[in-house]
Amino acid sequence: MLEISKLISFDKINSTNTYVKENYKNLDNGTIVLAKVQTQGRGRLGRVWISQEGGLWFSILFKKNLKHPNFYTKLSAITLLSILKNLKISAKIKWPNDIFFKGKKLSGILTEIISKNGKVQAIVVGIGLNVNNETPPEGTSVLKVTGKKFENDLILEMFIDKFNIYYKFFRLFPFLLTIAWKKNLIFKRNDTINGYKIKKITSEYLIVEKNGLNKKIKSIHELEGG
């Protein structure tokens, strides 16, 4: 599936996701695009992702045997939790695509679809992990949590190895992936956030209830006032 031999590296680029989307026709399935710095890194719903040197910023291209886009988001999240656990970091998923440790953002995932005439041609998964880089106050890094510096190349190799193992299993049992993903969410069904009770959790939206009224939301920030 993923191979280090399919790695394309840049010192600086606007966005690894943008590069993959613009060049996907000429790239192999499973290509990984890595950058030391992103000048226009972004997260879900167009939010800015600061991508300074020292962090691990990369995107993966999927072109064959495509699953639902959310499959890749969940799989990437579970893979990140696993390698972070190996680094002695017990992180959790903040619905739907962020990795947090003790209330601070450690990693983010951005899954994008490339379509033509209504048909999905490819899926791009962008991953940002704060490793040795400086972070804003609301963020944290592997260095800050562990007090140790880790080589980004080593962490990427760990990600590739674990992703491939999980992919082989969860592609056969995607419902088990959803169970694992939900089990590792910070906020779960029936939890309350700022007076809103979570009634239903899906990959794409939440149903929350307040004062007897249900509301469908697509970002947890709607509840947090962010």
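Reply: The model is predicted. A residue is called buried when its relative accessible area is under 20%, exposed when it is over 50%, and partly exposed in between. Phe58, at 1% relative accessibility, therefore counts as buried.

Me: How is a pair of aromatic rings described?

Reply: The description uses the distance of the centres and the angle of the planes. In this structure the count comes to twelve aromatic pairs, with centres required to lie within 6.5 Å. One of them joins Phe58 and Phe159 edge-to-face, at 5.2 Å centre to centre and with 75° between the planes. Phe58 belongs to strand S3 (residues 56–62) and Phe159 to helix H4, so this pair ties together parts that are 101 residues apart in sequence. Phe159 is also buried, because its relative accessibility is 1%.

Me: Which arrangement do the rings of Phe163 and Tyr167 adopt?

Reply: Their planes meet at 10° and their centres are 6.5 Å apart, so the pair is stacked. Phe163 and Tyr167 are four residues apart in helix H4, which means a separation of about one helical turn. Phe163 is buried at 0% relative accessibility, and Tyr167 is buried at 9%.

Me: Which residues form one aromatic cluster?

Reply: The cluster is formed by Phe58, Phe62, Phe71, Tyr72, Phe159, Phe163 and Tyr167.

Me: Where does the charged end of Lys74 sit?

Reply: The charged end of Lys74 sits over the ring of Trp181, 5.2 Å from the ring centre. Lys216 lies over the face of Tyr205, at 4.4 Å from the centre of that ring.

Me: How many salt bridges does a search of the whole structure find?

Reply: Side chains of opposite charge can pair when their charged atoms come close. The search finds three salt bridges. In one of them Lys36 pairs with Asp11, the closest N and O atoms being 3.5 Å apart. Lys36 is in strand S2 (residues 32–38) and Asp11 in strand S1 (residues 7–13), so the bridge ties together parts that are 25 residues apart in sequence. Asp11 is exposed, with a relative accessible area of 54%, whereas Lys36 is partly exposed at 45%.

Me: Which residue forms a salt bridge with Lys21?

Reply: The partner is Glu112, with 3.3 Å between the closest N and O atoms. This pair links distant parts of the chain, 91 residues apart: Lys21 lies in helix H1 (residues 16–23) and Glu112 in strand S6 (residues 104–116). Lys21 is partly exposed at 31%, while Glu112 is buried at 14% relative accessibility.

Note on methods
Residues are numbered from 1 along each chain as its sequence is written. This is a predicted model: local features need pLDDT of at least 70, side-chain atom pairs count only at pLDDT 80 or more; totals for chains, interfaces and linings use all residues. Side-chain values use heavy atoms; hydrogens and water are left out. Rings of Phe, Tyr and Trp (its six-membered ring) pair if their centres lie within 6.5 Å; planes under 30 degrees apart count as stacked, over 60 as edge-to-face and the rest as tilted. Helices (H or I, at least four residues) and strands (E, at least two) are DSSP runs, numbered from the N terminus. Buried means under 20% relative accessible area, exposed over 50%, partly exposed in between (1.4 Å probe, protein chains only). A charge sits over a ring if NZ of Lys or CZ of Arg is within 6 Å of the ring centre and within 35 degrees of the ring normal. A salt bridge is a side-chain nitrogen of Lys or Arg within 4 Å of a carboxyl oxygen of Asp or Glu.
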